2 protein chains.
Amino acid sequence: MSPHPIEFRTAPELYRHWSIDIDAPVAILSMDVDETASLVPGYELKLNSYDLGVDIELYDAIQRLRFEHPEVRTVVIASGNDKVFCSGANIRMLGLSAHGHKVNFCKFTNETRNAIEDASEFSGQRYLCAINGTAAGGGYELAAAADYLVLVDDGNAAVSLPEVPLLAVLPGTGGLTRLVDKRKVRRDLADVFCTLEEGIRGQRAVDWRLVDETVARTAFDTRIHERALQMAESSDRPVDSSGVSLTPIKRDMTDDSISYPYVKARLDRTGRVATIVLEGPADNPPSDITGIEDAGVDFWPLALARSLDDLLLHLRFNETELGTLVFKTEGDTDAVIAYDQLLRDNQDHWLVREILLYWKRTLKRVDYTSRSTFAMIEPGSCFAGLLAEILFSVDRSYMLEGQFEDDERLPAAIQLTDSNFGLLPMGNGLTRLETRFLGEPDTLANAKSLISTPLDAAGALEAGLVTFAPDDIDWEDEIRLLLEERASFSPDSLTGMEANLRFAGPETMETRIFGRLTAWQNWIFQRPNAVGESGALKSYGTGKRPAYDRKRV
Amino acid sequence: MSPHPIEFRTAPELYRHWSIDIDAPVAILSMDVDETASLVPGYELKLNSYDLGVDIELYDAIQRLRFEHPEVRTVVIASGNDKVFCSGANIRMLGLSAHGHKVNFCKFTNETRNAIEDASEFSGQRYLCAINGTAAGGGYELAAAADYLVLVDDGNAAVSLPEVPLLAVLPGTGGLTRLVDKRKVRRDLADVFCTLEEGIRGQRAVDWRLVDETVARTAFDTRIHERALQMAESSDRPVDSSGVSLTPIKRDMTDDSISYPYVKARLDRTGRVATIVLEGPADNPPSDITGIEDAGVDFWPLALARSLDDLLLHLRFNETELGTLVFKTEGDTDAVIAYDQLLRDNQDHWLVREILLYWKRTLKRVDYTSRSTFAMIEPGSCFAGLLAEILFSVDRSYMLEGQFEDDERLPAAIQLTDSNFGLLPMGNGLTRLETRFLGEPDTLANAKSLISTPLDAAGALEAGLVTFAPDDIDWEDEIRLLLEERASFSPDSLTGMEANLRFAGPETMETRIFGRLTAWQNWIFQRPNAVGESGALKSYGTGKRPAYDRKRV
């Protein structure tokens with residue numbers, strides 16, 4: 001683990017950079033970056049620029065608005081700085097950061113922007129961006145995650161993506177993709193926009209589809225408020241429910257273990273493997289929605305998602321050498337299925353909807369994790385419904401055929417439910433089973449017919465639901481060889497291979513961002529023209545002009 | 001220019017590595033690599049491994065089969081080596097090559113595999129792959145470009161993609177994408193396959209969808225012949241037409257100019273710009289298909305496509321510092337439109353179909369070119385129909401409003417025809433105008449209503465068909481600033497930006513290969529784990545084990 005692990009758990013009373021101001025149905029989420037409060041020493045967060053620490057607060061705020069504030073129907077992203085909306089990722093921070101941190105930073109900011117879009121599309125919480133001053137680079141990319149962008153028209157405030165001309169890198173948080181795919185900006189105009197340091201302001205920004213509206217400064221606040229109320233009208237969020245308070249996630253760590261409610265991890269640094277055990281519920285589910293509301297943050301599916309989410313982020317940033325994640329489950333399959341059924345029965349309730357959407361995002365975080373992922377299905381496991389979805393997210397799964405010697409527990413069984421057939425789509429818009437069986441519609445139909453049937457290793461293998469099913473005699477050797485072999489490969493080639501094998505089928509804005517844009521950015525983040533001693537990221541602000549190798553690749 | 005420019009023009013009598021053997025309706029395209037005939041010194045092409053020189057011959061052979069042999073309906077890709085089908089790209093060559101060459105090499109091999117798939121899908125020339133021995137890495141990727149893969153079952157011959165375990169890079173020619181997207185191999189099985197050095201053979205290769213059939217060695221040749229004839233049955237290629245002989249392309253080069261029939265290029269090395277002038281036809285079109293056949297290789301649309309194709313490849317490999325391509329046209333718009341009309345009127349004839357498909361592929365080569373591309377529309381130009389398509393491929397277009405001072409020529413006009421609305425789709429499956437106007441269906445409909453109307457600068461700008469329309473007073477300064485500014489940016493960030501802005505809308509296997517897979521491969525080709533002194537590409541064959549940085553990014 002790194003000596004100063006990055007902490008993802010926070011709460012509004014700890015925020016240094018954001019504030020939440022609620023006047024239902026509208027919340028103002030305001031960015032006023034404390035320039036002295038950088039995540040690590042070495043740079044100042046001037047002009048509302050951000051680093052990972054700023055974005056961790058944003059992610060927390062978005063989660064809280066969803067869970068704690070059912071009454072909020074429109075979120076206004078605003079700036080606490082008079083002149084600058086946001087000037088994007090801090091350049092000095094980028095210049096100082098290691099390659100891996102830059103890449104992970106971009107992935108996290110992308111996932112957070114996607115969570116904004118997810119709230120808007122699925123949970124009735126629309127986002128309005130009040131661009132009160134310059135929105136540059138990541139500042140414009142943050143704005144572009146909102147549904148509706150209002151730019152102040154004061155002859156000065158502009159939106160811009162100056163990364164290419166200024167820094168020799170790409171806008172790292174989905175900007176290019178959102179331009180041409182989400183906002184459908186004409187590609188030649190997008191080309192002009194992305195090479196114009198000073199950006200575009202006023203009516204031209206509207207004409208080019210870069211923002212939705214431009215408003216004089218004197219009318220700005222009124223118009224934002226009016227538009228926010230208007231956007232709130234179409235929401236189906238409840239008016240008289242109370243939210244679930246997201247109390248601090250409990251976590252115990254030792255050098256080789258991490259323990260959360262319902263999630264335990266063992267870290268094998270020599271073998272470079274993290275084994276993650278997801279635990280089934282401790283008791284039977286509540287009988288109705290009131291019971292779910294009463295359980296709140298301790299409701300098993302919510303507690304487990306929060307634990308897993310934090311663990312994935314922790315491993316991603318703080319345990320970069322643990323290249324393989326092995327998922328296991330432990331618990332009572334019937335109890336898992338009872339919870340799974342309860343969620344589906346109440347999926348239209350705002351809170352259950354949020355919990356399912358959180359599962360959806362967390363499973364996607366597994367999909368997008370640049371580690372090799374395996375699942376091991378052993379006696380005592382409870383891969384059913386929601387938890388079975390893990391089996392179809394990982395790169396491979398191994399199921400023990402029969403029992404272990406000297407182990408009384410019955411052979412493992414997995415069980416599909418309706419939850420595996422539409423509730424939790426991947427980033428490509430398909431279910432994981434649809435993606436898995438892209439070439440075999442009959443196998444998909446057969447899987448559907450197996451809902452509620454406990455499947456032993458032979459049955460699961462036959463149905464194409466697991467990769468291999470060794471028996472007790474082979475199990476230990478096979479798993480050991482698998483993990484040793486995986487640890488012996490180049491991490492980079494595994495990351496590239498997995499990114500290309502995991503997402504067959506249709507593409508969406510999201511798969512494009514994580515598949516195409518990320519890869520190009522990773523490449524550029526390695527190139528001397530950006531990160532070399534004379535590259536643009538190092539030269540920026542020094543008065544020296546960057547020196548480029550002019551060869552086109 | 002590099003001191004030893006790579007030559008793309010070849011012909012069967014010059015081939016060192018391939019032979020074509022025709023017994024209509026079947027052609028055997030056989031690979032028997034001359035290990036001493038590498039493109040550059042420093043490595044031997046053992047075990048039917050290939051370098052760019054081998055692939056240049058393959059590309060030429062595919063073109064000739066399409067144009068010179070209308071009677072060929074099935075092409076069998078075979079090996080002249082008894083034990084090895086093909087062992088992929090030569091590893092020593094990869095280890096010795098500069099980053100840019102590796103990337104360009106992969107792009108060209110990808111385009112050539114796509115041309116195979118294009119022939120199969122659109123011109124009635126199906127491809128069958130006779131895998132008579134080991135097909136490793138690029139060898140299996142070549143096979144996967146075919147429609148139908150037959151693997152010999154001799155207890156030994158296997159298909160494999162050993163790049164990740166052996167070389168710490170990705171299969172560079174679309175292998176991963178073709179596995180999960182084209183052949184729809186289940187992703188966990190694909191994961192196993194891609195990490196298995198020795199690959200998979202026999203029935204398991206069929207069960208996993210890696211090949212379509214496996215046949216004992218004794219029955220192999222008979223089965224291949226039988227299946228080739230079977231595949232020929234569904235073809236609509238003519239039985240009694242004669243082909244068009246692809247005589248050598250004429251080219252004259254000086255240090256700062258290149259001249260072809262209908263295509264001229266001026267190279268400005270100081271400004272790092274190549275200006276490409278496409279010339280309209282020298283005379284009126286023939287009146288019917290017989291006239292087209294008689295004109296053969298001199299038929300304007302075919303001659304121009306061949307010239308442009310060769311120029312694009314030459315610039316890509318031999319002029320890597322010319323980062324900007326400026327396209328212009330010169331000629332008589334009416335004559336262009338007459339040819340354009342003739343092609344559409346005869347688009348079902350096999351030869352015209354081939355010419356249009358060749359235009360489609362050549363325009364896609366412009367789309368995929370990792371240079372900034374602009375079009376300049378000036379008096380005397382003839383951007384109409386087929387040639388107007390260039391305007392929608394480039395990153396930006398500039399049209400002179402009015403006339404130049406002291407120039408009698410009339411103001412430029414552009415003209416759309418039906419050819420711009422479906423005949424020449426991009427890799428994403430949409431027309432360039434559909435992609436351009438993704439967010440504005442009304443503008444697309446309006447463009448369609450403008451077919452046959454000559455549009456001056458104001459009209460073209462109003463219709464969204466050009467980016468800017470400066471007048472004579474501004475033109476020179478604006479163009480100069482544009483070219484200087486572009487030349488001042490980091491080539492890498494431009495490549496990444498353009499790759500992300502050019503292909504909005506749906507994705508296809510092709511856009512995935514050039515967008516996603518290529519970018520990941522570019523990244524990996526930069527990483528010390530692959531190309532560093534202790535990286536796998538450098539260590540391969542030395543007996544030393546590669547040393548990897550274990551951090552996952």
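Predicted model: local features only at pLDDT ≥ 70, side-chain atom pairs only at ≥ 80, totals over all residues.
The relative accessible area of B:Thr112 is 1%. Because the limit for a buried residue is under 20%, B:Thr112 counts as buried.

## Extent of the interface between the chains

The two chains meet through 92 residues of chain B and 92 residues of chain A. About 8600 Å² of area is buried between chain B and chain A, and carbon and sulfur atoms supply 54% of this area.

## Charged and polar pairs across the interface

Between chain B and chain A there are 18 salt bridges. One of them joins the side chains of A:Asp492 and B:Arg527, with an N to O distance of 3.1 Å.

## The side contributed by chain B

Which helix gives the largest share of the side of chain B that touches chain A? The largest share comes from helix H20 of chain B, residues 509-524, with 12 residues.

Sorted by class, the side of chain B that touches chain A comprises 39 nonpolar residues, 25 polar residues and 28 charged residues.

Conventions:
Residues numbered from 1 in each chain as written. Chains lettered and ligands numbered in written order. Heavy atoms only, no water. Contact = heavy atoms within 4.5 Å. Buried area = accessible area lost by both parts, 1.4 Å probe. Salt bridge = Lys/Arg side-chain N within 4 Å of Asp/Glu carboxyl O. Helix = DSSP H or I, 4+ residues; strand = E, 2+ residues; numbered from the N terminus. Nonpolar A, V, L, I, M, F, W, Y, C, P; charged D, E, K, R; others polar. Buried < 20%, exposed > 50% of the residue type's maximum accessible area, 1.4 Å probe, protein only.
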